Amino acid sequence: MAAGFLAIAGQRIGVNLGDTSIPLSTIVLAGFYLRLLVSGGGLSLVGTGLWLALGATCGLSALANPAAHVTSLMLMLLTYVPWLLLPAREQRLVGVGRAFLVGTITAIKCGAVLAILQAAVQWAGSPSLWDPVGRFVPLSMQVHGFNSVYSLEYVDVTYGLHYKPNGILFLEPSFVSLYCGFGIVCLVHGLFFGRRSPRYRDAVWALTFAVAITVSMSTSGLPVLAFGLIPALRRLPMRPATTLATACLALGAWRMGALDGLIAKATEGFGPTSSTGLRLALPYHLLLPFADRNPLIGLGPGVASDLLDQLAVTGLQASTFAKAMVEYGLAGVSVFVVATAYAIYRSRPPAMLTLALLAAWLVPAEALLNAPIVALLFFVATHWRAEGDGVVLAHPGPAVGSSSDLRDVDVRPTRATSPVRASLRGAGASDAA
């Protein structure tokens with residue numbers, strides 16, 4: 001659980017070595033992966049081969065380009081180590097996957113509450129107290145790059161705030177939106193695909209996540225919600241009361257103007273000064289032409305960041321696909337596509353969570369080397385693969401913060417939990433006796 005929590009909450013502080021920053025989240029994940037590797041158990045032949053193919057492709061790109069960054073190559077190999085941790089028999093990872101998800105969701109809940117508190121502090125007239133990490137943690141321990149909040153001087157609807165809250169735990173406000181969007185998807189998955197009635201606690205956390213997304217004034221979580229909630233559309237008639245209540249709340253919030261900020265952000269277009277354009281449109285328009293210099297193996301790890309500095313466009317970021325294409329070429333992109341498709345195919349996690357995490361990985365900027373998102377994607381897959389093989393964790397009594405608190409996402413019937421299958425197996429055993 002601690003690894004999942006710190007993977008989210010440890011992104012702002014770390015170790016700085018010259019111009020290179022190593023976040024605490026990366027250090028924690030590295031130790032977590034090492035512990036899993038030395039704890040025993042078989043390795044997936046295909047998974048190991050894909051990870052080695054990724055390493056060979058990225059390494060060849062680094063060797064062929066003197067401007068490549070070795071630290072970026074090492075981070076790439078570490079980020080995608082979960083591919084190596086997908087053994088043929090995954091039962092040993094079922095508890096790991098559950099604990100990681102519990103820790104991650106706990107960190108998201110904390111960040112959502114802190115984002116709302118940051119907004120409340122600003123409304124109370126004390127904007128200088130919005131970020132204790134930036135104020136009290138020494139600069140030598142703060143991760144380089146953007147590690148703060150955005151000013152609202154260019155935003156039309158500010159809700160009376162001076163800055164976009166970043167939830168204290170997150171590098172920037174867009175991560176508040178992104179991870180809270182995933183939190184809502186988890187709750188909806190438990191509601192529409194679960195085997196229990198909704199609880200008041202679900203409604204409280206869903207409202208908390210929604211308010212945090214609103215005050216963050218970031219639309220990064222909207223693609224996560226849009227893709228993640230697609231599978232729930234066919235289940236809407238099965239929960240008419242919940243669907244009606246949600247629609248009424250959304251309509252009321254819109255009529256009161258509570259959604260004006262998000263609506264303004266979502267409809268700002270793809271212009272050269274909009275955050276949507278700087279994250280989704282301009283990276284492809286400005287960066288992809290550089291890939292023509294070496295379309296097969298790319299320009300080398302970390303080169304996309306150097307190109308962004310040369311372009312000198314304020315706020316421009318490298319999206320996942322554009323960064324992979326520029327740095328690793330067609331060969332690297334092909335390995336990414338094959339490995340991701342293979343991991344999802346053999347794991348078959350719930351469609352809602354898979355689509356939400358893929359949106360978080362592909363749509364927002366700078367996610368190619370976002371180790372927490374990649375770890376979350378693959379441990380979700382690992383957890384459900386293990387349950388699909390018949391390993392089912394017993395749920396203890398409900399306790400906030402315990403593994404039973406993850407019932408919101410761990411609700412898919414498996415071969416071992418199906419009453420029909422269990423009865424058939426029992427009859428077969430009796431006949432055999």
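Ile168 lies in the loop that runs between helix H6 (132-136) and H7, where helices (H or I, at least four residues) and strands (E, at least two) are DSSP runs numbered from the N terminus. The model is a predicted one, in which local features need pLDDT of at least 70 and side-chain atom pairs count only at pLDDT 80 or more, whereas totals for chains, interfaces and linings use all residues. Residues are numbered from 1 along each chain as its sequence is written, and side-chain values use heavy atoms, with hydrogens and water left out.

The phi angle of Ile168 is near 65°, a positive value in a residue other than glycine. Most residues other than glycine have a negative phi. Ile168 has a relative accessible area of 15% and is therefore buried, a term that stands for under 20% relative accessible area, with exposed meaning over 50% and partly exposed the range in between (1.4 Å probe, protein chains only). A positive phi, of about 50°, is also found at Met217, which is not a glycine. Met217 belongs to the loop between helix H8 (200-216) and helix H9 (221-228), and its relative accessibility of 0% means that Met217 counts as buried.

The chain as a whole contains 17 helices and two strands, and buried residues make up 50% of its 433 residues. Its accessible surface, computed by the Shrake-Rupley method with a 1.4 Å probe and, for residues, with only the protein chains shown counting as cover, comes to about 19300 Å², of which 69% belongs to carbon and sulfur atoms. When contact is taken as heavy atoms within 4.5 Å, 78% of the contacts between residues at least 6 apart in sequence join residues at least 24 apart.

The largest nonpolar core has 88 residues, and those with the most contacts inside it are Met76, Tyr80, Trp83, Phe100, Phe182 and Phe336; such a core is a set of buried Ala, Val, Leu, Ile, Met, Phe, Trp, Tyr and Cys residues joined through side-chain atoms within 4.5 Å. Helix H7 (residues 173-193) gives the most to this core, with eleven residues. Helix H7 also holds Gly183, which counts as buried at 9% relative accessibility. The C-alpha atoms of Gly183 and Lys109 are separated by 8.0 Å, although the two residues are 74 apart along the chain. For Phe100, once neighbours within four places in sequence are left aside, the residues in contact are Ala3, Gly4, Ala7, Leu29, Phe32, Ala375, Leu376 and Phe379.

Helix H3 (residues 45-64) and helix H4 (residues 70-79) pack at an angle of about 170°, with their axes 10 Å apart, the axes being lines fitted to C-alpha atoms, for helices over the stretch in contact, and the angles running from 0 to 180 degrees between N-to-C directions. H3 and H4 are therefore roughly antiparallel to each other, since angles over 145 degrees count as roughly antiparallel, under 35 as roughly parallel, 65 to 115 as roughly perpendicular and the rest as oblique. Trp51, Leu54, Gly55, Cys58, Gly59 and Ala62 of H3 make the contact with Leu73, Met76 and Leu77 of H4. These residues divide into seven nonpolar, two polar and no charged, with Ala, Val, Leu, Ile, Met, Phe, Trp, Tyr, Cys and Pro counted as nonpolar, Asp, Glu, Lys and Arg as charged, and the others, Gly among them, as polar.

Leu73 of helix H4 is buried, with a relative accessible area of 15%. Apart from residues up to four places away in sequence, Leu73 touches Cys58, Gly59, Ala62 and Pro301. The C-alpha atoms of Leu73 and Leu369, which are 296 residues apart along the chain, are separated by 9.8 Å.
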